Amino acid sequence: MSSLQISIVVPTYGEEKNIPLLVDRIDNVLTNTDYSYEIIISDDVSGDNTEQVCQELAQRFPLRLLSRTENRGLSPAVIDGITIATGDAVIVMDADLSHPPEKIIDIAELLLKKEADFVVGSRYVKGGGLDESWPWWRWLNSIIATLPARWLVPLADPMSGFFGLRRADMPAMEILSPIGYKIGLELLVKSGFRKERVREVPILFRDRIHGESKMTLREQLNYLRHLRRLYHYRWPKYIEILQFLAVGSCGLIIDIACYLLLIAFGTPHLIARACSYVPAVTFNWLLNRTMTFGHRPRRPQLAQWLQYSVGSIVGFCASWGTYALATQYISFFDEHRLLAFITGVVVATVFNFLLSDLLIFRKATPKNSD
Ligand code: GDD
Ligand code: MN
C-alpha cells in the first residue's frame with residue numbers, strides 16, 4: 001500500500017473567492033503526475049462562505065476543512081493543519097495565489113527524494129521575483145525586515161510563507177512558540193536542519209487579486225517580538241548579555257542626566273552622585289526584570305529591587321576598587337588612568353551580570369523528581 005505523499009496546508013481567513021481558484025490550480029498541477037495529495041484548509045472562521053465553498057469542493061477534490069475557533073492566527077492555523085496532515089511531505093502555502101502552485105512539485109520532489117530536509121519557495125534567488133506592481137517602499141520594507149532573519153537561517157528568503165518539510169521531521173509541538181506570521185522561520189530555527197539540507201526554489205510572488213492582506217503594523221511588531229524570541233532560542237547567553245549591556249548603557253545615560261540636573265539645581269556634587277544612582281538603578285532593575293531576564297521567574301518586587309540596588313553598590317565598589325588598586329600598584333595604569341577607569345567599569349559590569357544571572361533573576365530551582 002503506498003502512503004499519501006503530499007499534504008498541502010493552506011491557512012485561510014476570509015478567502016472564499018480564492019480557495020476554488022487555488023484548489024483548481026493545485027489539482028491541475030498534480031493530476032498529471034503520479035503524486036497523491038490532499039489539501040487541508042485551516043480556516044479561522046471568518047463569517048464568509050468558506051465552509052460551504054469547501055464542502056462543495058470536497059466532493060470533487062481531496063480536500064478537508066479544519067474550522068478553527070480558538071487560538072486564532074496564521075501560525076497556529078498552520079501548526080494545527082500540519083497536525084492533522086497525513087502526507088509524507090507537508091507543504092504550506094497562502095490561499096491568495098501569491099505562491100505559484102506549479103512549484104509544489106519542485107518542493108515535494110526534493111523532500112520525497114530526500115535531497116533536502118526543508119525547502120522554501122524563494123523570491124530572492126536567481127529566477128525568483130516579486131510582482132512588478134510592488135511599490136519601492138514595500139520592496140524596501142521586505143528587504144530590511146528580511147535582514148535580521150538571515151542571521152538566524154542561511155536563506156535569501158527566510159520570511160517566505162511557501163515552504164515544505166517531511167512530516168516525520170516536524171519539531172515537537174512543545175518547542176514551537178511562534179507569534180504572528182513567520183511560522184516558516186520558526187520551523188527552520190527550531191528544527192535545526194543542517195545548512196546543506198535546506199534548499200530554496202525560485203518563485204514569482206504575485207499580489208492577490210481577491211480580498212485583502214491581513215499584514216498589519218501589529219503583525220510587523222509581532223515579527224520583532226518573534227525575532228527576539230528566536231535569537232534568544234539560538235543564542236541564549238549572548239542575547240542576555242547584549243540586553244544587559246544595552247540596559248546598562250541606558251541606565252548610565254539616566255545616571256549622568258540626573259546627576260547633571262541635580263548639580264544644575266545647586267546640589268553638592270557628592271550628594272548628586274549618590275542620588276542620581278537611585279533612578280538609574282531602578283530603571284536598570286525594571287528593564288532587566290521585564291526584558292533581559294523576562295523569561296525567568298518573577299520574584300517579589302521590593303525585595304528584588306533592594307537586592308539589585310545593593311548588588312549594584314557592590315558593583316560600583318568593584319569598579320572603584322579596581323580603579324584605585326590598578327592606579328596605586330600598577331604604574332602603567334597610573335600613567336593611563338582612563339584605561340584603569342574602563343577596566344573598572346568592565347570588571348563591575350561582569351560582576352553585576354553574574355550577580356543578576358546567578359542570584360537576583362536566578363532560574364527556578366529544579367525540583368527533586370523523586
Ligand atoms: N487561519 C488563518 N488565521 N489564516 C490567516 C490568518 C489568520 O489569522 N491571517 C492570514 N491568514 C492567511 C490568509 O488568508 C492567506 O491565505 C495567508 O494566511 C497569508 O496571509 P496574507 O494576509 O495574504 O499575508 P501577506 O500576503 O501579507 O504575507 C504573505 O507573504 C509574506 C511575504 O511577503 C505570507 O505568506 C507571509 O507568511 C510572508 O512572509
Ligand atoms: Mn498575501
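This is a predicted model: local features need pLDDT of at least 70, side-chain atom pairs count only at pLDDT 80 or more; totals for chains, interfaces and linings use all residues.
Asp 357 counts as buried, at 10% relative accessibility, whereas Lys 237 is partly exposed, with a relative accessible area of 35%.

Lys 237 also takes part in a salt bridge with Glu 240, where the closest N and O atoms are 3.2 Å apart. Here both partners lie in helix H8 (residues 236-264), three residues apart, and are therefore separated by about one helical turn. An α-helix has 3.6 residues a turn, so residues three or four places apart point the same way. Glu 240 counts as buried, its relative accessibility being 3%.

## Other salt bridges

How many salt bridges does the structure hold? The number is 19. One of them joins the side chains of Arg 208 and Glu 15, at 3.0 Å from N to O. This pair links distant parts of the chain, 193 residues apart: Arg 208 is in the loop between strand E9 (204-205) and helix H7 (217-234), and Glu 15 is in the loop between E1 and H1. Arg 208 is buried, with a relative accessible area of 17%, and Glu 15 is likewise buried, at 5% relative accessibility.

Salt bridges also link Asp 117, Arg 166, Asp 169 and Arg 197 in a network. Over the whole chain there are 39 positive and 38 negative side chains. The centres of these two sets lie 8 Å apart.

## A buried arginine without a partner

Arg 299 is located in the loop between helix H9 (269-292) and helix H10 (301-329). Arg 299 is buried, yet has no salt bridge. Which side chain of opposite charge is nearest to Arg 299? That side chain is Asp 357, 9.7 Å away. A salt bridge requires a nitrogen-to-oxygen distance within 4 Å.

Leaving aside residues up to four places away in sequence, Arg 299 touches Arg 289, Gln 304, Leu 359, Ile 360, Phe 361, Arg 362 and Lys 363.

Helix H4 covers residues 103-112, and its buried residues are Ile 104, Ile 105, Ile 107, Ala 108, Leu 110 and Leu 111. What covers these buried residues? The cover includes helix H1 (18-31) together with strands E1 (6-12), E4 (89-92), E5 (118-122), E7 (163-166) and E8 (198-202). After H4 comes Lys 114, which has a positive phi, near 60 degrees.

## The chain as a whole

The secondary structure of the chain comprises twelve helices and nine strands. Its radius of gyration is 27 Å, well over the 21 Å that the globule rule gives for 370 residues, so the chain is more spread out than a compact globule. Along the principal axes, the C-alpha trace spans about 85 × 50 × 40 Å.

Of the 370 residues in the chain, 43% are buried. Among contacts with a separation of 6 or more, 76% are between residues 24 or more positions apart. The accessible surface of the chain is about 20,200 Å², and carbon and sulfur atoms account for 62% of that area.

Key
Residues are numbered from 1 along each chain as its sequence is written. Chains are lettered from A and ligands numbered from 1 in the order in which they are written. Side-chain values use heavy atoms; hydrogens and water are left out. Helices (H or I, at least four residues) and strands (E, at least two) are DSSP runs, numbered from the N terminus. The radius of gyration is taken over C-alpha atoms; the globule rule is 2.2 Å times the number of residues to the power 0.38. Buried means under 20% relative accessible area, exposed over 50%, partly exposed in between (1.4 Å probe, protein chains only). Contact means heavy atoms within 4.5 Å. Accessible areas come from the Shrake-Rupley method with a 1.4 Å probe; for residues, only the protein chains shown count as cover. Lys and Arg count as positive and Asp and Glu as negative; His and the chain ends are not counted. The place of a charge is taken as NZ of Lys, CZ of Arg, CG of Asp or CD of Glu.
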